[in-house]
Amino acid sequence: MKGGKSKSDTRNAKLSVNKKPAKAGRKSGKAAKDPNKPKRPASAFFVFMEEFREQYKKDHPKNKSVAAVGKAGGEKWKSMSEADKAPYVAKAEKRKVEYEKDMKNYNRRQEEEESEKSMSEVNDEDDDEEGSGEEDDDE
């Protein structure tokens with residue numbers, strides 16, 4: 001070779017140019033999650049798993065594997081009859097009703113805050129107009 005770059009060097013250079021930098025954190029365009037928003041209710045399976053995890057830990061105190069607990073719980077859930085699942089389904093439905101009630105209250109509060117916010121913005125605009133020496137007594 002007469003001092004030129006080899007094909008592998010050229011290929012590596014092209015690849016390194018095309019690499020995208022790793023993104024740390026979330027996208028800037030995504031809105032922040034509201035910590036006051038109610039969490040979605042657990043499904044019947046997850047209600048069952050809450051109880052099953054406790055029992056499994058008592059029966060298998062040395063087992064620290066989360067995957068093993070999940071796998072055993074999934075197998076047991078599949079083998080259960082509809083009658084066995086009924087109490088968990090009922091609890092899940094009860095949580096769902098509570099969640100829907102909480103969401104209605106949450107949405108109502110959000111609407112109230114937005115209306116208060118819009119009223120304060122209108123008041124801010126009125127303050128600016130008062131500074132110019134003109135007043136509207138029409139309102």
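How many residues has helix 2, and how far does it reach from its first C-alpha to its last? Helix 2, residues 44-59, has 16 residues and reaches 23 Å. That is close to the 22 Å expected at 1.5 Å a residue. The expected span is 1.5 Å times one less than the number of residues.

This is a predicted model, in which local features need pLDDT of at least 70, side-chain atom pairs count only at pLDDT 80 or more, and totals for chains, interfaces and linings use all residues. Residues are numbered from 1 along each chain as its sequence is written, and side-chain values use heavy atoms, with hydrogens and water left out.

**View 1. The whole protein has 4 helices and 0 strands.** From the N terminus on, the order is α-α-α-α. Helices (H or I, at least four residues) and strands (E, at least two) are DSSP runs, numbered from the N terminus. Of the 139 residues in the protein, 13% are buried. Buried means under 20% relative accessible area, exposed over 50%, and partly exposed in between (1.4 Å probe, protein chains only). Take the contacts with a separation of 6 or more: 73% of them join residues 24 or more positions apart. A contact means heavy atoms within 4.5 Å.

**View 2. Helix 2 bends at Glu51.** The bend is about 25°. A bend is the angle between two fitted axes, one for the seven residues ending at a residue and one for the seven starting there. Which residues of helix 2 are buried? They are Ala44, Val47, Phe48, Met49, Phe52 and Tyr56.

**View 3. The largest pocket has a volume of about 160 Å³.** Helix 2 and helix 3 (66-79) are the elements that give two or more residues to its lining. The largest share, 4 residues, comes from helix 2. The lining includes Met49, Arg53, Tyr56 and Lys57. Also among the lining residues are His60, Pro61, Val66 and Gly70. By class, the lining has 5 nonpolar, 4 polar and 3 charged residues. Ala, Val, Leu, Ile, Met, Phe, Trp, Tyr, Cys and Pro count as nonpolar, Asp, Glu, Lys and Arg as charged, and the others, Gly among them, as polar. A pocket is found on a 1 Å grid over the protein atoms alone, as an open set of points with protein on both sides within 12 Å along at least five of seven lines; a lining residue has an atom within 4 Å of a point. Grid points are joined across faces, edges and corners, and the volume is the space filled by probe spheres set on them.

View 4. Lys76 and Phe48 are 28 residues apart along the chain, and their C-alpha atoms are separated by 10.0 Å. Lys76 counts as partly exposed because its relative accessibility is 42%.

**View 5. Lys39 and Asp34 lie in the loop between helix 1 (7-18) and helix 2.** Is Lys39 buried or exposed? Lys39 counts as exposed because its relative accessibility is 76%. Lys39 and Met103 are 64 residues apart in sequence and 9.1 Å apart in space, C-alpha to C-alpha. Asp34, at 24%, counts as partly exposed. Asp34 touches Tyr106 and Gln110, not counting residues up to four places away in sequence.

Note on methods
On a 1 Å grid over the protein atoms alone, a cavity is a set of points where a 1.4 Å probe fits but cannot get out, and a pocket is an open set with protein on both sides within 12 Å along at least five of seven lines; lining residues have an atom within 4 Å of a point.
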